[in-house]
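Take a look at the sequence and the 3D structure below. This report walks through some of its parts.

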Amino acid sequence: MDIQRIDESPLTSSARTAYRSVRFLYRKVRSISNHLCNLIDRPIIVLLYHRVTDLPSDPEMLAVSPANFHHHMEFLAQKFRIIRFEEDWSGLEKPAVAITFDDGYADNVLEALPILEKVGVPATFFVSTGHIGTKKEFWWHRLEAFLLREGEFPSHFRLDDDNYGQTWDTATLEQRKMLYAVLNMLMQGVSTDRREEWLDQLQTWAEAVDSDKISHRSMTQDEIRRLAASPWATVGAHTVTHSALSALSEEQQKEEIFTSKQALEEMTGKEISTFSYPFGRKEDYNQTSVRLCREAGFVKAASNFPGQIHNWTDPFQLPRHLVRNWDLESFAAKVESFWTR
Ligand SMILES: [Zn+2]
């Protein structure tokens with residue numbers, strides 16, 4: 001989910017200039033600091049993919065085309081030492097790159113895995129278990145299906161909620177795109193039950209039925225087993241309902257973390273030793289989440305903010321670099337920047 005860019009916000013031009021200067025300075029200092037850290041201990045970087053497929057519409061920008069992904073993997077295999085996310089990194093020769101996937105879309109096994117196997121590159125797949133074997137889509141695809149389509153819509157949508165209740169204009173697609181962006185952001189920060197209640201309200205309002213587009217389905221149990229059986233793939237956990245853990249009670253967090261681990265272990269017959277936090281920014285999990293991951297028996301956990309991994313990095317908050325649908329030239333330049341960004 002991309003939040004509104006500062007360049008498009010209603011700040012005054014002098015505020016924008018000041019913001020850009022501060023941002024530039026921050027990045028410069030950070031880059032110098034990272035250069036120094038790399039001299040002391042050569043880094044590991046972890047890449048984060050979500051989907052490998054061609055999509056006609058991808059408002060979340062989660063999909064990388066199979067052609068681009070193939071180029072990415074060949075480039076990495078030629079240029080870098082590729083390591084596995086779950087392995088013990090102490091004593092490994094560095095610098096090195098690890099490849100991960102989040103969410104558990106079917107295209108991971110149908111389109112990404114054959115490329116990984118062909119090129120001979122390992123990856124770790126963090127899977128949310130709630131939709132395995134169903135045609136139910138992740139909640140952001142339901143939101144997309146309710147709002148981001150052409151057609152006749154009511155002129156307003158009123159969200160009925162004690163804290164977030166508000167009315168939006170919805171007659172045009174542009175207005176519904178705005179509402180989609182706002183609700184997507186809000187839904188990342190609320191409990192699973194509340195989000196489901198909001199989606200039900202939207203569904204009634206839009207008079208839409210749940211879509212069963214196979215392009216957005218999660219893996220089946222057979223596909224999870226196929227993935228786990230590949231020498232180039234490892235399965236990790238990513239909760240049940242893909243909610244931000246920080247929005248949940250300790251009991252709910254425990255249920256999400258422990259249940260997803262257990263379900264995947266039963267499906268694959270293998271120990272699931274790694275985890276990634278849904279959404280993964282620092283505000284999306286908390287110290288309770290980190291402690292519960294340790295208690296569940298995971299050996300490390302992945303976040304979703306950029307950074308390099310050194311000997312001193314917290315193994316339960318490992319930074320990752322999000323990869324978009326870049327062509328080879330852009331990907332090579334981005335990877336170059338990841339070593340110090
Ligand atoms: Zn995710």
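Helices here are DSSP runs of H or I with at least four residues, numbered from the N terminus. Keep in mind that this is a predicted model. By that count, E144 sits in helix 4, which spans residues 139-147.

Is E144 buried or exposed? Its relative accessible area is 7%. Buried means under 20%, so E144 is buried. Beyond its neighbours within four places in sequence, E144 is in contact with S57, P59 and Y180.

## Helix 4 meets helix 6

Helix 4 also has a partner. The axes of helix 4 and helix 6 (residues 192-206) come within 10 Å. They cross at roughly 20 degrees. Angles under 35 degrees count as roughly parallel, so helix 4 is roughly parallel to helix 6. The crossing is left-handed.

Which residues meet here? Helix 4 brings W139, R142, L143, F146 and L147. On the helix 6 side, the residues include R195, L199, L202 and W205.

## Helix 3 meets helix 7

Now turn to another pair. The axes of helix 3 and helix 7 (residues 221-229) come within 9 Å and cross at roughly 45 degrees. That angle makes helix 3 oblique to helix 7. Helix 3 passes helix 7 in a left-handed crossing. From helix 3, A106, V109, L110 and L113 take part. They meet E223, R226 and L227 in helix 7.

In soluble globular proteins, nonpolar side chains tend to be buried together. How many residues does the largest nonpolar core have? It has 52, and Y49 and F69 have the most contacts inside it. Helix 3 (residues 106-119) gives this core its largest share, five residues. A second, separate core has 25 residues, among them W139, V190, L199 and A208.

Y49 has a list of partners. Leaving out residues up to four places away in sequence, Y49 touches V64, F69, H72, M73, I99, T100, F101, D102, V323 and F331.

## The zinc site

Which residues coordinate the zinc ion? They are D103 through OD, H238 through NE2 and H242 through NE2. The distances run from 2.0 to 2.2 Å. Along the chain, the donors follow the spacing D-x134-H-x3-H.

The pair D103 and H242 links distant parts of the chain, 139 residues apart. D103 is in strand 5 (residues 96-103). H242 is in the loop between strand 9 (233-237) and helix 8 (250-268). Both D103 and H242 are buried.

Conventions: Residues numbered from 1 in each chain as written. Predicted model: local features only at pLDDT ≥ 70, side-chain atom pairs only at ≥ 80, totals over all residues. Heavy atoms only, no water. Core = buried A, V, L, I, M, F, W, Y, C linked by side-chain atoms within 4.5 Å. Buried < 20%, exposed > 50% of the residue type's maximum accessible area, 1.4 Å probe, protein only. Helix = DSSP H or I, 4+ residues; strand = E, 2+ residues; numbered from the N terminus. Contact = heavy atoms within 4.5 Å. Donors = N, O, S within 2.8 Å, 3.2 Å for Na, K, Ca; no water. Axes fitted to C-alpha atoms, helices over the stretch in contact; angles between N-to-C directions. Parallel < 35°, antiparallel > 145°, perpendicular 65-115°, else oblique. Left-handed = near helix turned anticlockwise from the far one by under 90°.
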